Amino acid sequence: MKQVVQNYKSGELALLDVPVPGCKPDGALVRSAYSLISTGTELMKVSEAGMSMVGKARSRPDQVAKVMQSVATNGVGATYRKVMGKLDSYTPLGYSLCGVVEQVGTGIDDVAVGDIVACAGNEHALHAELNWVPKNLYARVPDGLAPRHAAFGTVGSIALQGVRRGEPQLGDVALVIGLGLIGQLVVQLLAASGVRVVGVDPDPVRCELAERLGAAACGDPASTAVENSVAELTGGHGVDQVYLAAGGGSNQPVELAARLSRDRGRVVDIGKCRLDLPWNAYYEKELDVRFSRSYGPGRYDPEYELEGRDYPIGYVRWTERRNLACFLDLVARGSVDVEPLVSHIADFDDAVETYQSLKDGGLKAVAVLFRYTEHATDAEAPSVAVPSVKTDGGTSTSARSAKSPVRLAFVGAGNYATSMLLPHLAQRDGVELSTVVTTTALSAANAQRKFGFDEATTDLDAVLGDKSIDAVFVVTRHSSHAELTRRALLAGKTVFVEKPLALTEDELADVFAAVEESGNDRLQVGFNRRFAPLLREARTRFGARTGPASLRYLVNAGRLTHGSWYLQQGTEGSRFAGEGGHFIDTASWLLDADPVSVYAVAPSGNEDLQVVLRYPDGSTATISYVTTGAPGFPKETLDLVADGKVLRLDDFVRASVYGRKRWVSSRLPKARDKGQNAELAAFIKAVRTGGPMPVPLDSLVATTAATLAVQAGLAAGVPVTLASAR
């Protein structure tokens, strides 16, 4: 299928061939009929992409701050690869469309194949021939409403939420500053609510359009006509609400809002304009400044948007989905007229030329629609939600031909895969990147373009059934690791799964059952730190020990940013369950044993943990996993003490060993190497030769069991004894 994309690094726009997205549970696969270009938001994004790197940094200081924090935590090299990987990737455009339901996922009973729906979301209602849309981000189109009009649903919801934030009442007077697409819709919604509206825009054509659609008066912000109209309609008191629907870097809108508002009026920011509030003017009138967050309650809440958990109507009357349905109803009943806003309808095949014309100013428009050519599919769109693949058991461990490349498939192509794994594999001789499979079409296409995969798809079943693929990498979100690993093992594949292997004891048991059923134990979990060259050298310098050891591992994990999927503990497990295995595995490798008990305590009110591991010879390891430390302090520091010797590791940048002789690694700054490249080399060697896996299965299972025991120990308040791995 085709999708409009943009490379944020180069500014290139393209109509790209990408795989059809999978139809996941709790959502529907929708074939687009019309999609709407947001001439404000999208063109701003297109313009930013054309800036220099300095210009991009100036336009997004919030992202610059994140980059600097990543440098402090992960080092310059890893941060550079991650940032360049994000910039030099195709990103999607679009967030408002209307289409026909082509396939429904499990759990969906409110729409059926053939229904017409309006869809929302900058990750789900894209300018693409097909989109997977979760249930809370679509609404059925009322009978008789034209699909091209229903395509306004998302931007209409944005305008509607802004009006709700202003709390207008019958007889109020409102000022709408900015008469672009959102502003024109706000004017109509206010007029339909019995509010008299004055519009402000420097474009006389837009002013005339707003007056035709219900505004009492409109004018240029620099003219006296606007102030005269406000004075006449309000008896000199000023407007009850001001709706800021303008963009740009001028502070004129907020200054005009203060001047024309009544005492204790409300100012609602809907667009993205400069907000240097003149303190005296806002203080003297005690103005109420409010922000309107996109489509309404539910926005940016993954439990609402992705998991389909609705808010009770008795507590949250208007959610994203209810706003979407309400706006569609208003258009269907004629209370809002979007047809006069349609400046141009372009064929989807002409998408790149249309964007370029808008950017260059050749096409001046309030709203532009893409029209998609209707055609039948030859087969159902592939879905990731398919039955498990069974094999006849067993797996081949015979050595491969030295000249035969190891063929790899990747399930998932997120930040970690594209910044820490694939760059190493793409440069490795004797490795062939065969297939990348994701549920998001564009991420698969990006990985194929950047790393040279032979094929990009959303059909996992086909990958697992492909006998030419030697190994499968599972690099998806944590909640899917165990099930995908289980299926790949049953399919006879050698598996590399990023940590964690499992989030529950039942998931771990299922993986182990797959090993027993198939006889396939060719599994590696991404515990890369034991492969770090600096740590391995330090261990060698430390030498063998005769007595028990004491190990202290401080992990200065830091706080997560709002919206991180790591915070979705209901589905993705606790943060420690997700990454704690790294540190337990490192401790166990240094102590050359698996733990026999786990004791965990946590202060109330934060995510900090103290985890004490006991080993068979009496050695102990204490892992302090903290989120409340200083962000400038190194992320990982480790001390191992035994037999009169001390090993010290400072964040994989420097190491030292104190004993009869002192050894200190180079003090020159160097990139942090946490072992990914060496780990991948060991894994590929095992696949190629059929030799032992880099880490014994017993150790992988023991580390996972110990990680899971932390949560049980916290709940019980006593040490948890670990059973034998097998």
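The entries below go from the whole chain to single residues.

**Entry 1: the whole chain.** I reminded myself at the outset that this is a predicted model. I then looked up the secondary structure and found 24 helices and 31 strands in the protein chain. Of its 726 residues, 53% are buried. I also checked contacts between residues with a separation of 6 or more, and 70% of them join residues 24 or more positions apart. The accessible surface of the chain comes to about 30,800 Å², and carbon and sulfur atoms hold 51% of that.

**Entry 2: a pair of helices.** At what angle do the axes of α6 and α13 cross? I found roughly 105° for helix α6 (residues 153-166) and helix α13 (residues 320-332), with the axes coming within 8 Å. An angle of 65 to 115 degrees counts as roughly perpendicular, and α6 and α13 are therefore roughly perpendicular to each other. Next I listed who meets whom. From α6 come Gly153, Thr154, Gly156, Ser157, Leu160, Gln161 and Arg164, and they meet Asn323, Leu324, Cys326, Phe327 and Leu328 in α13. By type, the residues of this contact are five nonpolar, six polar and one charged.

**Entry 3: the two sides of α14.** Which residues of helix α14 (residues 351-360) are buried? I noted Ala351, Thr354, Tyr355 and Leu358. Looking down the axis of α14, I saw that its buried residues fall within an arc of 95°, so they line one face of the helix. The face turned away from the buried side of α14 carries Glu353 and Asp360, which are exposed. Just after α14 I came to Gly361, with a positive phi of about 90°.

**Entry 4: Val200.** I placed Val200 in strand β10 (residues 196-200). Is Val200 buried or exposed? It has 3% relative accessibility, so it counts as buried. Leaving out neighbours within four places in sequence, I found Val200 in contact with Leu175, Val176, Ile177, Gly178, Leu179, Gly219, Pro221, Val226 and Leu256.

Entry 5: Thr494 sits in strand β21 (residues 494-497). With a relative accessible area of 7%, Thr494 is buried. Not counting residues up to four places away in sequence, Thr494 touches Asp470, Ala471, Val472, Arg522, Phe683, Val687 and Met693. I then moved on to Pro500, in the loop between β21 and α19 (505-518). The peptide bond joining Lys499 and Pro500 is cis, with omega about 0°.

Entry 6: Arg264 belongs to strand β13 (residues 261-269), and at 48% relative accessibility Arg264 counts as partly exposed. I wrote down Asp643 too, whose phi is positive at about 55° although it is not a glycine. Asp643 lies in the loop between β27 (636-642) and β28 (645-650). Its relative accessible area is 35%, so Asp643 is partly exposed.

Methods: Residues numbered from 1 in each chain as written. Predicted model: local features only at pLDDT ≥ 70, side-chain atom pairs only at ≥ 80, totals over all residues. Heavy atoms only, no water. Axes fitted to C-alpha atoms, helices over the stretch in contact; angles between N-to-C directions. Helix = DSSP H or I, 4+ residues; strand = E, 2+ residues; numbered from the N terminus. Parallel < 35°, antiparallel > 145°, perpendicular 65-115°, else oblique. Contact = heavy atoms within 4.5 Å. Nonpolar A, V, L, I, M, F, W, Y, C, P; charged D, E, K, R; others polar. Buried < 20%, exposed > 50% of the residue type's maximum accessible area, 1.4 Å probe, protein only. Arc of directions from axis to C-beta. Areas by Shrake-Rupley, 256 points an atom, 1.4 Å probe, with all protein chains shown as cover.
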